[in-house]
Amino acid sequence: MLELFKSIKLDKNSGAPLYMQLFNVISSMIDKGTLLPRTKLPSIRQMASLLDVNTVTVVNCYRQLELKGYVYAKKSSGTYVSTVLPPVDKKEYTNKYDYVDKNVILDEIYPGEDISILTSKIRFDKKTINFASATPSSNLFPVEDFKLVLNEVLDRDMGNAFNYQDSQGYRPLRFSISNLLKEHSVNCSEDDIIIVSGAQQGIDIISKTLLKDGDHVITESPTYRGAVAVFNSRRAVVTDVELEEDGLNLNLLEYHLKKHRPKLIYTIPAFQNPTGVSYSKSKRKQLVMLAEKYDTYIIEDDYVSELDFENKNFKPVAYYDKSGRVIYIKSFSKIFMPGLRFGFMVVPPHLKKHILGAKHATDISTSGLIQRALDLYIRKGFWHKHFYSMYETYKNRYTKVVNSLEKYKTDNISYKKPGGGLNIWLKLPYNCVVNSLLERAASNNIVFTPGRIFFSSTSSNLNNIRLSFAAVEDDKIEAGIEKLCKLI
């Protein structure tokens, strides 16, 4: 074995440091299988003698090998080759394992028949015109800035970054979030905030805390199906209330409040998913008054209120709450990176203990490393930089979608401009069968979301579709809208 190392040739006249030359040779031997796992390398003095170099050269080489995972050191024993798997071919990995473009399936709950159409009729590739996914495309993720804060956290906190956090969340991050929320008229302290692994988990934890079999929950109609799935899992009775152009039909809401005495009202008051509807100031105030009058709680799901392209400047429902009736919940998935699974809740003080107990029972705590990295990301100003970049990207896409619809839609296709958010809710002609349109569009490499999946009960309003522009590339928008309008 020593003869193998003795045969290594280092060029002392090269500009490359000797320790890096030696690192490259030994790492190549490990990659090729010449040096097998658990093989003991020569001692530092032996290697220096074999190659006629300074011991410092060998020390630096071994340190680099250890940092890269090629070797490990045993105290008082020596340095050994690690089990290193061959590197993954990037092209092969992308072709086989990269499902980023299939966020269309992951960010909503689709019925089986729609999944079948989407998976059998369309290939998700660079040619896909994706009006279905409401999560950003991966090329918008701030990978480099997040890599910087991750590395800084690991250098700063070392092993502490991987400890369990307080179930309520990493306190410095809660402080950073409370400052961000003040910019959006949500006045709270870090003590009011609970960190969760995405808004979906937050809704589940609230339901686990407040609902029991047979309790009633009121939702908008249509609404986000993920929330309805949570309420159903708690065996609650879901009652949907018609959504008007400025929010819930309050007369119908009060009728159900009197009749059913629900434990929860679930609402998305700003640029609602899927319709894009925003509640008027009057309805926001009245919603809080009704919750107090009938002793119920409101889950305010702040979907994307910050994507306000026409300066509507609505204040959240929580702003008007003076009696602890609103649980405000928010995820960064539509602005940041959805795979991080991060969100938070602002919880009334009298509910905090109970909700924290449910959070702890669910997963003890959200990833400490992610929380620490996000805190640093906000403190360094990266969050605001990224948000303004995303805001301009989404605003540009929104404008292109609206302009294209005005240019190509026929008179029997109608919609209301939401003024913000990520979705356009189209009403199609009554003779247009959405199932058939979904198939025809898929055959033309276009995907959208059928409106029926957003209704919690059987509805006659099946001639709607949701167009999202979070993941569709700018240069495909007009062509996609033109083709879709022709298919309709």
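**View 1. Strands E14 and E15 of the predicted model run antiparallel and are joined by two bridges.** Strand E15 covers residues 464-468, and strand E14 covers 449-450. Pro-450 has Ile-465 in E15 as its bridge partner.

**View 2. An open sheet is formed by three strands in the order E12-E15-E14.** The pairing in this sheet is antiparallel. E12 and E14 are the edge strands, each pairing on one side only. Strand E12 spans 423-427.

**View 3. The second largest pocket has a volume of about 690 Å³.** Its lining is made up of 25 residues. Those that lie nearest the centre of the pocket are Leu-243, Glu-245, Val-277, Lys-416 and Trp-425. Strand E12, an edge strand of the sheet in View 2, supplies at least two residues of the lining, as does strand E6 (237-244). E6 gives the most, with three residues. Sorted by class, the lining has nine nonpolar residues, eight polar ones and eight charged ones.

**View 4. Helix H10 packs against helix H14 at an angle of about 115°.** H10 consists of residues 199-210 and H14 of residues 349-363. The two axes are 9 Å apart, and the crossing of H10 past H14 is right-handed.

**View 5. Residues of H10 meet residues of H14 where the two helices are in contact.** From H10, the contact involves Gln-201, Ile-205, Lys-208, Thr-209 and Leu-210. From H14, it involves Leu-351, His-354, Ile-355, Ala-358, Lys-359, Thr-362 and Asp-363. By class, five of the contact residues are nonpolar, four are polar and three are charged.

How values were computed: Residues numbered from 1 in each chain as written. Predicted model: local features only at pLDDT ≥ 70, side-chain atom pairs only at ≥ 80, totals over all residues. Heavy atoms only, no water. 1 Å grid on protein atoms, 1.4 Å probe; cavity = no way out; pocket = protein on both sides within 12 Å on 5 of 7 lines; lining within 4 Å. Points joined across faces, edges and corners; volume = space filled by probe spheres on them. Helix = DSSP H or I, 4+ residues; strand = E, 2+ residues; numbered from the N terminus. Nonpolar A, V, L, I, M, F, W, Y, C, P; charged D, E, K, R; others polar. Pairing = 2+ DSSP bridges. Axes fitted to C-alpha atoms, helices over the stretch in contact; angles between N-to-C directions. Left-handed = near helix turned anticlockwise from the far one by under 90°. Contact = heavy atoms within 4.5 Å.
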